[in-house]
Amino acid sequence: MMAASDPQGQIITIERHILEEQSSFPGATGTLTNLLYDIALAGKIIASKTNRAGLVEILGRTGDTNIQGEEVQKLDRFADATFFRMNDHTGRVALMASEEHADILPIPDKYPTGKYILLYDPLDGSSNIDYNICLGTIFSVYRKITDGRGSLEDCLQKGRQVVAAGYLLYGTSTMLVYSTGRGVNGFTLDPAVGEFLLSHPSIRFPKTSHYYSVNQGNERFWSEGVRTYTGWLQGRENDSPSLSARYVGSLVADFHRNLLAGGIFYYPADTREPGKTHGKLRLLYEAIPLAFLAEQAGGCGSDGTQNILDISPQSLHQRTPFFVGSRDLVERAEAYIQKLG
Ligand code: P6P
C-alpha cells in the first residue's frame, strides 16, 4: 500500500517518522534516532553503487574470501566499509560486528563510544551481484551491557534484547524497512530528492499466505519432517494452503515479498556436511533481525524447535536453521519437525 503521505496529504520522510517515534519513548535522548538516520544514509550510499553495479569500478570479485569462506565482492567490501565509516565516529555506537569480519569491530580510540551495539550483514545475497538480482543489508541494534568500550558479550545478546532492527532492499526501488519495537514501517527511496518516504506504514503479515521460499535443490538433505512439511505447503494434504514457490536466493528479497504477500522462508538444517548441520544462515546477522521484524509484523521466526529470539548466541558467526514468516506456517513447520524429526 503506497502511503507516502499522511491523511492530510503531507509527505512523511524517514527523518520525520523516526523523530515522531522517538517522542513516544519517554527519556529518549535522540541517540537511537540519530543512529537510524546514519543507517538510512549508509543505505543511500550503498544503493547508489548497487544501482550501478554493472560498472567496472564496483563489479567483480576482490579475490579474497571472508570468515564464511565466501568470495568477497567489491560491492561487499564497499558496503561493509560504508556501514562502518558511517558509524565509527559518531559517539552513538560502542562496538560493531559485521558478517564480513571474523571478530568484533571496536571503535577507533580517537573516537568516542556510545551506548549502542550495531551488528550488520552489509550486503546479503552478494552471490547474485553478477546477475543483477536484488541485494540487501540487514542490521540490528542492542544496548551495550558491559562496562568500558564494549566487548564480545555485548554482541551475543538474545534477540529479545534487540532495540531496533531492519533491512535495506536494493531492488526495483530501494527500501528501508525497520522496527524499534512499535510495529514495522517501510520507506521507499525517492532518488529524485534523495529521501526515504513512508510508503508501507504499519506492515503486518496478511492473514492469507501466498508463497513459500526454500532451496528445493537441497531436499535430499532435509529431515523427514521438513520434507513432509514442504509437501503440505505444496497442497499434498487435505488442509494444505497450496502455496506458490518463490525463491530469489537473496534472503532480504524473499523475506520482504513474504512479509507483504504472506508466506514463509526457510533454510532448514541439512546433513550435507558437518559445518552445515546447523543450517547455513547466521543467527546474529540474519535470523535474529528478521525474526524480530517478523514478530513485530504478527509473524515469527524459529529454528524449527524454538523461537529464534529466545536463543542465547554462543559465537559471532553461529549458524542456525531458519523458518520465518506467517505465524501459522512457521508453527506448522515446528509441528511436523516435532512429530517426524
Ligand atoms: P543457497 C545469500 O548467500 C544467503 O546468505 C541468503 O541471502 C540466501 O537466502 C541464501 O544464502 C541462499 O543460499 O544455498 O540457496 O544459495
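The C-alpha centres of domain 1 and domain 2 lie 23 Å apart, the domain bounds coming from an automatic or database assignment. This is a predicted model, in which local features need pLDDT of at least 70 and side-chain atom pairs count only at pLDDT 80 or more, while totals for chains, interfaces and linings use all residues. Residues are numbered from 1 along each chain as its sequence is written, and side-chain values use heavy atoms, with hydrogens and water left out.

User: Which residues does each domain span, and how many residues does each give to the contact?
Analyst: The chain is divided into domain 1, covering 14–202, and domain 2, covering 211–340. Counting contact as heavy atoms within 4.5 Å, the share is 49 residues from domain 1 and 34 residues from domain 2.

User: What area is buried between domain 1 and domain 2, and which three residues of domain 1 supply 21% of its part?
Analyst: Buried area is the accessible area (1.4 Å probe) that two parts lose on being put together, summed over both. Between domain 1 and domain 2 this comes to about 3000 Å², with 63% given by carbon and sulfur atoms.

User: Which residue forms a salt bridge with Arg160?
Analyst: A salt bridge here is a side-chain nitrogen of Lys or Arg within 4 Å of a carboxyl oxygen of Asp or Glu, and three are counted between domain 1 and domain 2. For Arg160 the closest N and O atoms are 2.5 Å apart, and the partner is Glu295.

User: In what order do the strands of the open sheet run, and which are the edge strands?
Analyst: Helices (H or I, at least four residues) and strands (E, at least two) are DSSP runs numbered from the N terminus, and two strands pair if DSSP finds at least two bridges between them. The eight strands, with mixed pairing, follow the order β4-β3-β5-β6-β7-β8-β9-β10. Pairing on one side only marks the edge strands, which are β4 (105–106) and β10 (195–200).

User: Which residue of β10 is the bridge partner of Phe187?
Analyst: Strand β9, residues 185–190, pairs with β10 in the antiparallel sense over five bridges. In β10, the bridge partner of Phe187 is Leu198.

User: Which strand gives the most residues to the side of domain 1 that touches domain 2?
Analyst: Elements that each supply at least two residues to this side include β3, β5, β7 and β8. The strand that gives the most, with seven residues, is β6.
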